[in-house]
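Reader: I am new to this structure and would like to learn how to read it. Please take the features one at a time.

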Amino acid sequence: MIMNVLSQVISFIGSLCLLLFGMNMLSNGIQKGAGSGLQKLLGKITGNRFYAVLTGIGVTAIIQSSGATTVMVVSFVNAEILTLEQAIGVIFGANIGTTVTAWIVSLFGFSFSISAMAIPMFGFGYILKYFKKFRIHNFAECFMGFALLFMGLGLLKESLTLGPAANKVFSIINEWGLGGILLGVLTGAIITALIHSSSAMTAIVLTMAAGGTLSWELSAAIVLGSNIGSTVDAVMSSFGASVNARRTAFVHVAFNVTGTIIALLIFRPFLSLIDIIIPLEPSANITTHIAMLHTIFNICATLIFIPFVNQIAMISRKVISESATEKDEHYHLPAILPHSRISADLYSYQIQTEISKMSAKIMEMLDSVCNSFTNPNNADEENEHVKYLENYIDEMNAAITGFLQKCSRLPNANRKERQHFSDLIHITDTMENLSDETCSLMHTVKKFVTDEKYRTDSKRSREIMDYIERVRIFFEQVCVYFTIGFSAEERNSGEIIEQRIDETKKELKKESRKRLEAGADVKEELNYMDMVRKIERAGDCVYGILQSL
């Protein structure tokens, strides 16, 4: 008896893992095949809340994972690509889009031999992997994932064939009335949170209901509970993220919990509505009833709350307010940790935003250097500020580089994405080198401008300021290229600027030697030439960033 129970438990766990693995592979394959298209679609959402809902439905229906969509949304809010109001609409749509899986399982999972279709589909997907020349190999995992999903579902049907004792337990729970319904909601929420997939939970419910183990009411209660458990991905992804990202996760939890409570308050009338929509008795077509309930529930919840998007955002801002504590002087990477269910391309959006912040810090350092020439009395203060920024950028480089290395090892990252992450690592490292050169330059500038003989209107001062300004403008152009891209002509113009910076170094050093031969102050000229060398090296760093773009 014990061995039979143990064997059935192990079979259930194995089939569930195969089902989850198939869903994961299917989602990865679609995201690989679509490339950055899905992320760009999310990034282009306008302020129209209905368009945001439709986008959430479409993306989730394609990638078969509301968890993946909500993690994307939290990531985009964190990276300031989406506003909180836009994100709320997408979350509403994601809940509707996730019901597609229930319909697939309901319509195809129990009407024919699953294994007969799964094995040929897996073989076709495996063969497709080798057609790299036609760029269709990324879709191979779609077919293989579908095959494993159906195989897992078939095994799940066999493992969930429970004995009379187990069926009696469920019958007793059904007789508990409201207590049994609440227990079903709680069970659905907990199991979904543990397996991180409301789609898989729905598949389990459909399988048990089709086998006669679960009643119509208890199945409905578990499906409603799975909507609460599905918020775990959004909550986990918001840890360490920005305040708006945490608000987005809060809205997702509040929306699903509130919707479930409303459904429970009108539970029996709600089930009667589904019975009216689906003409057959629940016992005759229970899987279709469950799929319809899942869909109608999410559509109705969205219709109820969509007019109040702005009010929901306002409430979330009050519940999760800005921290009043003093800003931490150390850098914390707000990007969300890599998740195997999310396209690797998503993380470049977050990191590019952080690299842009790094470039802004370096621009601030260059401005401090320039300010020291015009206001030599503030040189000590500017020097301390540059030192602080240089240490901060060191922390940014370490955090961003470590994150990019994790991203490049993601199982669903293709060769192009890994190369892109490698390029971003090189850009980040080169920016850190530029900050080092700027900090070193600031140290020399401080000695130069605090000398008693320094004059802001002297020829040497004007030469150095013009030279620094040329590098600063060059870096500003490269930052624009990093954000919006650039043409081959603009790349060539960057090469010309770098050559002019090198030529200017030679000219300024030549002028300095002439002044030394004419009896100029040796210490002053050595500081001057040191600044020239460091400015030229800063220009090399900027050109290095351009080459990596």
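This is a predicted model: local features need pLDDT of at least 70, side-chain atom pairs count only at pLDDT 80 or more; totals for chains, interfaces and linings use all residues.

Reader: How many helices and strands does the chain have?

Author: Helices (H or I, at least four residues) and strands (E, at least two) are DSSP runs, numbered from the N terminus. The chain has 23 helices and 0 strands.

Reader: What percentage of the residues count as buried?

Author: Buried means under 20% relative accessible area, exposed means over 50%, and partly exposed lies in between (1.4 Å probe, protein chains only). Of the 549 residues of the chain, 51% count as buried. Accessible areas come from the Shrake-Rupley method with a 1.4 Å probe; for residues, only the protein chains shown count as cover. The chain exposes about 25,100 Å², and carbon and sulfur atoms supply 61% of that area.

Reader: What percentage of the contacts join residues at least 24 apart?

Author: Contact means heavy atoms within 4.5 Å. Among contacts between residues at least 6 apart in sequence, 82% join residues at least 24 apart.

Reader: How are two packed helices described?

Author: They are described by the angle between their axes and the distance between the axes. Axes are lines fitted to C-alpha atoms, for helices over the stretch in contact, and angles run from 0 to 180 degrees between N-to-C directions. Angles under 35 degrees count as roughly parallel, over 145 as roughly antiparallel, 65 to 115 as roughly perpendicular and the rest as oblique. Take helix H10 (residues 178–195) and helix H12 (residues 216–229): their axes come within 6 Å and cross at roughly 40 degrees. H10 and H12 are therefore oblique to each other.

Reader: Is the crossing of H10 and H12 left-handed or right-handed?

Author: A crossing is left-handed if the near helix is turned anticlockwise from the far one by less than a right angle, and right-handed if clockwise. The crossing of H10 and H12 is right-handed. On the H10 side, the contact residues include Gly180, Gly184 and Gly188; on the H12 side, Ala221, Gly225 and Gly229 are among them.

Reader: Which classes do the residues of this contact fall into?

Author: Ala, Val, Leu, Ile, Met, Phe, Trp, Tyr, Cys and Pro count as nonpolar, Asp, Glu, Lys and Arg as charged, and the others, Gly among them, as polar. The contact of H10 with H12 has 8 nonpolar, 7 polar and no charged residues.

Reader: At what angle do H12 and H14 pack?

Author: H12 packs with helix H14 (residues 243–265) at an angle of about 160 degrees, with their axes 8 Å apart. That makes H12 roughly antiparallel to H14. The crossing of H12 and H14 is left-handed. Leu224, Asn227 and Ile228 of H12 make the contact with Asn256, Val257, Thr260, Ala263 and Leu264 of H14. These residues divide into 5 nonpolar, 3 polar and no charged.

Reader: At what angle do H14 and H16 cross?

Author: The axes of H14 and helix H16 (residues 286–305) cross at roughly 110 degrees and come within 10 Å. That makes H14 roughly perpendicular to H16. Phe255, Thr258, Gly259, Thr260, Ile262 and Ala263 in H14 meet Phe297, Ala301, Thr302 and Phe305 in H16. By class, this contact has 6 nonpolar, 4 polar and no charged residues.

Reader: Is alanine 94 buried or exposed?

Author: Alanine 94, in helix H5 (residues 84–97), is buried because its relative accessible area is 0%. Not counting residues up to four places away in sequence, alanine 94 touches Gly56, Ile57, Thr60, Ser66, Thr69 and Thr70. The C-alpha atoms of alanine 94 and valine 53 are separated by 7.5 Å, although the two are 41 residues apart along the chain.

Reader: Why does cysteine 300 count as partly exposed?

Author: Cysteine 300, which is in H16, counts as partly exposed because its relative accessibility is 31%. Cysteine 300 and alanine 263 are 37 residues apart in sequence and 9.6 Å apart in space, C-alpha to C-alpha.

Reader: Where is aspartate 451 found?

Author: Aspartate 451 is found in the loop between helix H20 (415–449) and helix H21 (459–484). At 28% relative accessibility, aspartate 451 counts as partly exposed.

Terms used. Residues are numbered from 1 along each chain as its sequence is written. Side-chain values use heavy atoms; hydrogens and water are left out.
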